[in-house]
Amino acid sequence: MLKWGLVPFWAKDAAIGARMINARAETVAQKPAFRQAFKRRRCVILADGFYEWHAEDGRKTPYFISLKTDRPFAMAGLWESWDKTDQPPLETCAIITTTASKSIGKLHDRMPVILDAPTATDWIQAERDPDALIAMLKSYDDEDIQAWPVNRTVNNPANQGPTLIERAD
DNA sequence: CCAGACGTTGTT
DNA sequence: GTCTGG
DNA sequence: CCAGACGTTGTT
DNA sequence: GTCTGG
C-alpha cells in the first residue's frame, strides 16, 4: 500500500513526504527528490476523479473533475521505498502534474497527468527512453473531461462519501 | 570547503 | 545521495 | 488546498 | 496575519 507523499530514499525524516505530494512533469527528470524514481520506479495511481479549486469572488470553489465516460483512469506517478527505521520499508508515491488543459485551465493552472490505457502500460515499463517518458506527460484531451462545482464540505479531508462529488451551484 | 536543501500549490 | 548557496 | 492554531506557567 | 497539520 503506497502512502501519498513521496519520501526520497535518502531522506533522514519521513516528514519530508508531506511536501512531495506532486512532481512537476517539466522537472521530474532532474529534481533530486524524484529523478531516481523517474528512472526506475514509475507507477500509475487509479482514480475516477480529482478536485481542483477555483478562486472566484474571494472564495475557492471546489470542482470535481472526471472523464465524460465516468470511467476510472490512470494518473502518472512515482514511488519510493524508504528503509531507514526498524519498521518495514515505508512505500510512498507522488502524482505528476502538468499544465492544465484549456478547459481545466479556467479553474486552475495545473492538473494531474492522465494517461490513456496504452500509454499507462508504456509508462510503467522498466526500461524507457527518458525523452519518450517525458513526452507522455501531457495534459489530457479536453474533449474527454467534465467538471462541475461541488460542496465545500470536501475541503475538510475528514469528510468522506459519495455526496462530496454531487453537483452544487 | 561545509551547511542546508532536496517540492508544489495540495488533503492519503 | 547529490546539488546549490554562501 | 483548507482548517485550525497561534502560548506559557502569566495580571494593562 | 501567518504557520502548521491533515
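Me: What makes the pair formed by threonine 97 and DNA strand B a polar contact?

Reply: A polar side-chain atom of threonine 97 is 2.7 Å from a phosphate oxygen of DNA strand B. A polar contact is a pair of N or O atoms within 3.5 Å; within protein, one must be able to donate a hydrogen and the other to accept it, and residues adjacent in sequence count only if both atoms are side-chain atoms. At 2.7 Å the pair is within the limit, so the term applies. This is a predicted model, in which local features need pLDDT of at least 70 and side-chain atom pairs pLDDT 80 or more, while totals for chains, interfaces and linings use all residues. Residues are numbered from 1 along each chain as its sequence is written, chains are lettered from A and ligands numbered from 1 in the order in which they are written, and side-chain values use heavy atoms, without hydrogens and water.

Me: Which polar contacts reach the bases of DNA strand B?

Reply: A polar backbone atom of tryptophan 4 is 3.2 Å from a base oxygen, and one of arginine 19 is 3.2 Å from a base nitrogen.

Me: How many residues surround DNA strand B, and what makes a residue count as near?

Reply: A residue is near a strand if one of its heavy atoms lies within 4 Å of it. For DNA strand B there are 19 such residues, the closest being Arg19, Lys31, Thr97, His108 and Pro157. β2 (22-24) gives the most to this surface, with 3 residues.

Me: What part of DNA strand D faces the protein?

Reply: Of its atoms within 4 Å of the protein, 100% belong to sugar or phosphate.

Me: Why does aspartate 141 get its accessibility class?

Reply: Its value is 43%, so it counts as partly exposed. Aspartate 141 lies in the loop between α4 (130-135) and β10, and its side chain reaches the backbone nitrogen of glutamate 143 at 3.0 Å.

Me: How do you know that β4 and β5 pair?

Reply: Strands pair if DSSP finds at least two bridges between them, strands being DSSP runs of E with at least two residues, and helices runs of H or I with at least four, numbered from the N terminus. β4 and β5 (59-67) have 7 bridges in the antiparallel sense. Histidine 54 stands opposite threonine 61 in β5. The open sheet has 3 strands in the order β4-β5-β10. β4 (50-56) and β10 (145-149) each have a single partner strand, so one side of each is left without a neighbour in the sheet.

Technical notes
Buried < 20%, exposed > 50% of the residue type's maximum accessible area, 1.4 Å probe, protein only.
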